[in-house]
Amino acid sequence: MTKEILLSIAGLHLVDGENGNVEIVTAGDYYSRNGKHYILYDEVTEGLSGHTSNVIKVGNDSLEITKKGLTNARLVVEKGKKHVTTYQTPFGGIEIGLLGRGVDVRETEDSIDIRAEYLLEINEENMAECTILMNVKPREAGSLKLQE
C-alpha cells in the first residue's frame with residue numbers, strides 16, 4: 001500500500017428502526033507499524049472555521065479513531081468490550097459509549113476493507129446500532145468501493 005491514499009468511510013446507523021447513513025471520501029496518508037494499519041486525514045466542518053485531524057488505528061480485532069482539533073475524542077471499538085469517552089465539540093461535550101460487536105479487516109495487495117459494528121450509547125442510553133465501513137486504496141487507483 002502506498003503512503004498517499006483515498007479513504008472512503010460510510011457510517012450506517014439504525015435508530016428506532018430508521019436508517020441513517022453518512023458517507024465521506026477524502027485523501028489521506030497511510031502507514032503500517034507493528035502489525036497495525038494507520039490512516040491519517042483531516043476533516044472540515046461546514047459552517048465552522050478550523051479542522052479536525054483524525055488518526056485511525058486498525059488491528060486484527062480493534063478500531064481506534066483519535067480526533068484532535070475542532071472536535072476531540074478517542075473512539076475505540078473492540079468486540080465484547082465497552083469503551084466510554086467524552087466527545088468534545090465546539091458546542092460542548094457528550095459522553096458516549098461504544099459496545100463493540102466486531103471488527104473485520106480484509107487486505108489485498110492494493111486495498112484494505114474495514115468493517116466495525118457497535119452499539120452507541122449517549123449519556124448511558126442506547127441510541128443506535130452502528131456499522132462503519134472503510135475502504136483504503138492508493139490515491140492513484142481512482143475509484144473507491146465499499147464492501148457490502
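How exposed is arginine 74? This is a predicted model, and in it arginine 74 has a relative accessible area of 46%, so it falls in the partly exposed class.

1. **Glutamate 64 and arginine 74.** These two residues form a salt bridge, with 3.1 Å between the closest N and O atoms. Glutamate 64 sits in strand β5 (residues 62–69) and arginine 74 in strand β6 (residues 73–78), so the bridge ties together parts that are ten residues apart in sequence. Arginine 74, at 46%, is partly exposed. The model has eight salt bridges in total.

2. **Glutamate 129 and arginine 101.** Here the salt bridge has an N to O distance of 3.5 Å. It links distant parts of the chain, 28 residues apart: glutamate 129 belongs to strand β10 (residues 125–138) and arginine 101 to strand β8 (residues 92–108). Both ends are partly exposed. Glutamate 129 has a relative accessible area of 39%. Arginine 101 comes to 41%.

3. **Aspartate 104 and arginine 106.** The closest N and O atoms of this salt bridge are 2.8 Å apart. Aspartate 104 is partly exposed at 29% relative accessibility. Arginine 106 is exposed, with a relative accessible area of 53%; the exposed class begins over 50%.

4. Leucine 133 is in strand β10. Is leucine 133 buried or exposed? Its relative accessibility is 6%, so it counts as buried. Leucine 133 and arginine 106 are 27 residues apart in sequence, and their C-alpha atoms are 11 Å apart in space.

5. **The largest nonpolar core.** This core holds 26 residues. Leu7, Ile39, Ile56, Leu63 and Met134 touch the most other members. Two or more residues come from each of β1 (4–15), β3 (36–44), β4 (51–58), β5, β6, β8, β9 (111–122) and β10.

6. **Contacts of leucine 63.** Which residues does leucine 63 contact, leaving aside neighbours within four places in sequence? The list is Ile56, Lys57, Val58, Leu75, Val76, Val77, Val103, Ala116, Ile132 and Met134. Of these partners, Met134 is also one of the core residues that touch the most other members, as is Ile56.

7. **The aromatic pair.** A search of the whole structure gives one aromatic pair. Tyrosine 31 and tyrosine 38 are stacked, at 4.8 Å centre to centre and 5° between the planes. Tyrosine 31 is partly exposed, with a relative accessible area of 32%. Tyrosine 38 is buried at 14% relative accessibility.

8. **The largest pocket.** Its volume is about 810 Å³. The lining has 31 residues, and His13, Lys67, Leu75, Tyr87 and Tyr118 lie nearest the centre. Which element gives the largest share of that lining? It is β1, with four residues.

9. **Two asparagines with positive phi.** Most residues other than glycine have a negative phi. Asparagine 34 has a positive phi of about 50°. It lies in the loop between β2 (18–33) and β3. With a relative accessible area of 76%, asparagine 34 is exposed. Asparagine 123 also has a positive phi, near 50°. Its place is the loop between β9 and β10. Asparagine 123 counts as exposed, at 53% relative accessibility.

10. **Leucine 48.** This residue is in the loop between β3 and β4. Leucine 48 has 30% relative accessibility, so it counts as partly exposed. Leaving aside neighbours within four places in sequence, it contacts Leu70, Pro90 and Phe91. Leucine 48 and lysine 81 are 33 residues apart along the chain, and 34 Å separates their C-alpha atoms.

Terms used. Residues numbered from 1 in each chain as written. Predicted model: local features only at pLDDT ≥ 70, side-chain atom pairs only at ≥ 80, totals over all residues. Heavy atoms only, no water. Salt bridge = Lys/Arg side-chain N within 4 Å of Asp/Glu carboxyl O. Buried < 20%, exposed > 50% of the residue type's maximum accessible area, 1.4 Å probe, protein only. Core = buried A, V, L, I, M, F, W, Y, C linked by side-chain atoms within 4.5 Å. Contact = heavy atoms within 4.5 Å. Phe/Tyr/Trp six-rings, centres within 6.5 Å; stacked < 30°, edge-to-face > 60°. 1 Å grid on protein atoms, 1.4 Å probe; cavity = no way out; pocket = protein on both sides within 12 Å on 5 of 7 lines; lining within 4 Å. Points joined across faces, edges and corners; volume = space filled by probe spheres on them.
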